[in-house]
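Okay, thanks for coming, everyone. Let me put the sequence and the model up, and then I'll walk you through a few parts of it.

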Amino acid sequence: MKAILLIYLLPSTYATSQEAVIESSKETQKLAEYSALLHAVIYDWNFTSAISNEDIKIRIEESGIQQDESELSVVFRHLMALSTAEEEQYEKVPVFVKKPLLEKNWTALKELSIETYAYARAYGIYIEGLNNYKGTKNRSQVTIPAMQQLKREMLKTGNKHAVATVSMWLAMEYSESSPLREINEIEYALPHLPVRSSSDLLKTELDKPTALAWLADSYNELNIPSRALDHGKALIALKKKHESVTVLDYSYAISAANSMDKHDIALGLIEDAKTINTEQSPLQKLILHTLELTTHSYASNFEPLNIIKDLALAIEATDIKEVPILIAEIKEYASLVHDAFFGSDDEFEKALTAYKNAVSKKIEALPFKRQAELEYLLTLKNVFTIRKDNEKANHYRQKFNATLINYNTQLFEFDDNLTSSSLAEDVELEMLRQKEIEQLRQERLGLYNKTENMRSTINALLIVILTLLSSWLWFSRNRAK
């Protein structure tokens, strides 16, 4: 009978299992689609990119995310809508919130992919803070504690990639308030970060090359160029290994070498960068020309002048309609350097005004402004040195130093009691803590069970004693009768 019943049950059990597998596969596929879409919204929408706003609109429509009622759709709709919620000058993403974002929605994402959850939740904390505080660094009062809590949550999972991802987001927030903590978080994350995967861009966006670039940038900003040069070279080597190196990757090391007056190293890196084929990328060629122009203009002998002139003119003549915001002033910079060497006073002043206006617009548009402000002051010091206007060159040199000291004085106030430990150690420690908590729970449960058993035994004994006593009384009464 049991065998017959089992035979009847098997088909329904198998069918249920198959349905669960199919449903899980659909959710995984949906996660991949929505993750890729969110990545495009964050990194391509309203930016100069191979993916246009129109391309993204088509993908949004084809995905059906606006009509989707799943838990996942709630998370991704919110993040996409928040990404341009406060946008006033440019186009907003055509995705609208339908339901409140609840913890159960995040849980659904976490169960599918902890790494994607870590990235998406950290981004959610960042973009909500950015919107609420109108782009000011005051958001860090809210975003940093929230990300620290998220990091602790990820430590409990034991997933090192997820912890490293949150650490990178924390580093980005610390960059506005605490440079040592920023560097500490990046170094902490670096060994456990992935290399970017084209099939899963969102959860691999914050990868090892990104960490090395941020470290080089941070050390350049702190005026520690020797460390910046080391990380810049490591970045180039890593990206060469994966055949993904670009001209821009050389900029960190070249900038550091120029800061150390090691122009021979900078020029050597430029020659190495020239081996990259830039014929199919006018932007890459433009960046290469700019790096070479900067290096020659920083050299104390300002030679060879014909190379400087040719490079400046080549940059000015480059026909690129949209330049990334980080180098938005690149043509104005080339004109300024050119006129610093070869222009009249009127031409130089005109180029200077154009450069200042371009940088002002750039700084206003950037969420992280400090590096751009420092580069601006350093450029002014440099061009006035070229013009042999020592008074103004000295003025901007002093202003650069004072600004740098002021930034660092403000920032290092947040770095008291800075501790350093490895991510692997923290994960191991968290696993040990959880193990100890579980052991303690089991011990308490065991003690409770022992107590319950003892209570049961005592109750049984009492029942026996009472039964015996009742029997004795009954016999005594009967005998008396």
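So, is the crossing of helix 8 and helix 9 left-handed or right-handed? It's left-handed, where left-handed means that the near helix is turned anticlockwise from the far one by less than a right angle, and right-handed that it is turned clockwise.

Quick housekeeping. This is a predicted model, where local features need pLDDT of at least 70 and side-chain atom pairs count only at pLDDT 80 or more, while totals for chains, interfaces and linings use all residues. Residues are numbered from 1 along each chain as its sequence is written, and side-chain values use heavy atoms, with hydrogens and water left out.

Back to our pair. Axes are lines fitted to C-alpha atoms over the stretch in contact, with angles from 0 to 180 degrees between N-to-C directions. On the helix 8 side, Glu182, Ile183, Ile186 and Glu187 make the contact, meaning heavy atoms within 4.5 Å. Helix 9 brings Ala211, Trp214, Leu215, Ser218 and Tyr219.

Helix 7, residues 160-174, and helix 8 have axes that come within 8 Å and cross at roughly 160°. That makes this pair roughly antiparallel too, and the crossing is left-handed. Among the residues in this contact are Val163, Ser167 and Tyr174 of helix 7, with Pro179, Arg181 and Glu182 of helix 8.

What sits in the loop between helix 7 and helix 8? Serine 175 does. At 11% relative accessibility, serine 175 counts as buried, which means under 20% relative accessible area, with a 1.4 Å probe and protein chains only. Leaving aside neighbours within four places in sequence, serine 175 touches Glu182, Phe368 and Arg370.

Last stop, the cores. The largest nonpolar core has 79 residues, and Phe76, Met80, Leu109 and Trp169 have the most contacts inside it. By nonpolar core I mean buried Ala, Val, Leu, Ile, Met, Phe, Trp, Tyr and Cys residues joined through side-chain atoms within 4.5 Å. Apart from that one lies another core, of 34 residues, including Ala334 and Val383.

That's my tour, thanks!

Conventions. Buried means under 20% relative accessible area, exposed over 50%, partly exposed in between (1.4 Å probe, protein chains only). Helices (H or I, at least four residues) and strands (E, at least two) are DSSP runs, numbered from the N terminus. Angles under 35 degrees count as roughly parallel, over 145 as roughly antiparallel, 65 to 115 as roughly perpendicular and the rest as oblique.
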